[in-house]
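Take a look at the model below. We will walk through it step by step, from the meeting of two chains to single residues.

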Amino acid sequence: MIVAEQKPLEEIGQMIAPYEKVLILGCGTCMTVCGAGGEREVSFLHGALQVAQARSGTNVHDFVEYTVKRQCDFEFLDLVADRISEVDAVLSLGCGIGVQAIAERFPDTPVLPGVNTSFMGMTSEWGIWDERCAACGDCRLDETAGICPITRCTKGILNGPCAGTKNGKCEANREIDCAWVLIYRRLERLGQLEKMRRYYPPRNFRTIPRPRRIVSRVKVEPGESNGQIAI
Amino acid sequence: MAKSLFEEKLNSDKFLVTTEVGPPKGADVSEMVHLIEMLKDKVDAINVTDHQSSVMRFPSLGGCLLVKELGGEPILQVTCRDRNRLALQADLLLAYSRGIRNVLCLTGDSIDVGDHKEAKPVFDLDSVQLLKMIRIMESGKDMGGNDLKGTPEFCIGASVHPAADFIEPQLIKFEKKVVAGAQFFQTQGIYDLDSLRRFMQFASQFQVKILAGIIVMASARMARYMNENVPGVIVPQFIIDEFAGVEKGKGLQKGIEIAARTIKAIKEEKLCHGVHIMAVGNERVVPEILEAADL
């Protein structure tokens, strides 16, 4: 899933300053799971912004809150078109994709990012999320025992550990495991150390020209009965 | 024919001594010039470090040009941290055109340990790929497969960490570097000869020259600091204790003594093919170390 962190209240305060009516819009998918911008966070932020406003004695803003199932699909955004038409700006607690989807769908309404989108990752334990995939477009996890050196090695190198690893940890951060030590141990366990002995050539960055687009070979119809393979 | 004076010596039976200078932080090269003049005839080659510990400095290529101008034998340290494959190739073409023929290929320390922590790390290549890239250039092509007008030739080396606390993956990488074309290795700092002996048992099956890294330290505080903060440096407790027992102001003397003792032992035991002395800020004592080690 996509992992994000809510921006500091002060930064949000500066962004919303020019606007009177603001819709705080949460997202029900990844942002809810990572605790950055689901229904609960929308409500907390709403309260915090009201308190901040009361303290400053200005009372210029009028907030409304709402959370959609997903901000990254127009079909869910369409359901809040009426709410959006009534405000001066949307403070989105969706990831960067949600913010851009709103901007594209509602060209006349300013949209402000309430979170910093960080990475794709997993929940290691509740409250701790770890990056696991860089979306590099050229997955070779079969060569590295299912542990991604692009994401988990601070240098993203392909031919084994650098000399900075100490006690199995990364030279850049002693809290973090050296990806290549993990890869070595798992390849050893799987009896596949020969994979580490291979030479891996430099990455081909042409596989990831930005912006990327995927055109599905599956015929996708709106609604429940989609997913038929087009042959 | 040898590509450089240093390569010629690598191919001989001579016990080799290399050392390194760190370029200045700024445009004033007078101190570096002084050090190069002092060291150039006492060692077989002088490495110039490439933003060592990710601290921005005068470039290694500029430092190597100075070594060359002053009549010394330079080893250009090249890291993959700050340049993509275009810039790496271009720098090597410049180096070659100015007579620099020895290159030490390194991945480079993390940006996070240096003084520009907000910079974008590059790492387009890693050290193994960099070695291979040079061999590709020597075939007359660039990495894009295009013909080069004028083909460079280099004597190339790499680093290895014989005292790593988890040696097996380091050995695999060492072997990959050999296969990629490394002719010589300068190791990370060695204090414990047992780890060097074990490593040399493994390394002796390959046709490469190994120069043991000797880091000169000047106090228990420095030893502890390097152990904790400098990537790839592991200082054993007995060395830290040895420094701790020294009276104030005599630390560097102890550092010289330990370095000379280690070099002597390596040479007498014919443990490897030479030493690489890293004096990190105390380069002026390198001649003293050589004298104390009977070199």
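Predicted model: local features only at pLDDT ≥ 70, side-chain atom pairs only at ≥ 80, totals over all residues.

Phe243(B) touches a set of residues beyond its close sequence neighbours.

Where does Phe243(B) sit? Its place is helix α9 of chain B, which spans residues 237-244. Is Phe243(B) buried or exposed? Its relative accessible area is 5%. Buried means under 20%, so Phe243(B) counts as buried. For a sense of distance, turn to Cys80(B). It lies 163 residues from Phe243(B) along the chain, and their C-alpha atoms are separated by 35 Å.

Now move to strand β2 of chain B, residues 45-48. Both of its faces are covered. Ala45(B) and Asn47(B) are buried on one side. Ile46(B) and Val48(B) are buried on the other. Strand β1 of chain B, residues 16-21, runs parallel to β2(B), and 4 bridges join the two. Within this pairing, Val21(B) stands opposite Val48(B).

Stay with β2(B) and pick out Asn47(B). The relative accessible area of Asn47(B) is 0%, so this residue is buried. What does its side chain meet? A polar contact of 2.8 Å links it to the side chain of Gln186(B). Asn47(B) also touches Thr18(B), Thr19(B), Glu20(B) and Val21(B). Further contacts of Asn47(B) include Ile75(B), Gln77(B), Leu104(B) and His276(B).

Last comes the meeting of the chains. The size of an interface is often given as the accessible area lost when the parts come together. Chain A and chain B bury about 2500 Å² between them. Of that area, 55% is on carbon and sulfur atoms. How many residues take part? Chain A gives 29 residues to the contact, and chain B gives 34. There are 0 salt bridges between chain A and chain B. Polar contacts between chain A and chain B come to 18 residue pairs, with both residues at pLDDT 80 or more.

Look at the chain A side of this contact. Helices α8 (179-190) and α9 (194-197) of chain A each supply at least two residues to it. The largest share, 3 residues, comes from α8(A). By class, this side has 15 nonpolar, 6 polar and 8 charged residues.

Methods
Residues numbered from 1 in each chain as written. Chains lettered and ligands numbered in written order. Heavy atoms only, no water. Buried < 20%, exposed > 50% of the residue type's maximum accessible area, 1.4 Å probe, protein only. Contact = heavy atoms within 4.5 Å. Buried area = accessible area lost by both parts, 1.4 Å probe. Salt bridge = Lys/Arg side-chain N within 4 Å of Asp/Glu carboxyl O. Polar contact = N/O pair within 3.5 Å; in protein donor to acceptor, adjacent residues only side chain to side chain. Nonpolar A, V, L, I, M, F, W, Y, C, P; charged D, E, K, R; others polar. Pairing = 2+ DSSP bridges. Lists of a residue's contacts leave out its neighbours within four places in sequence.
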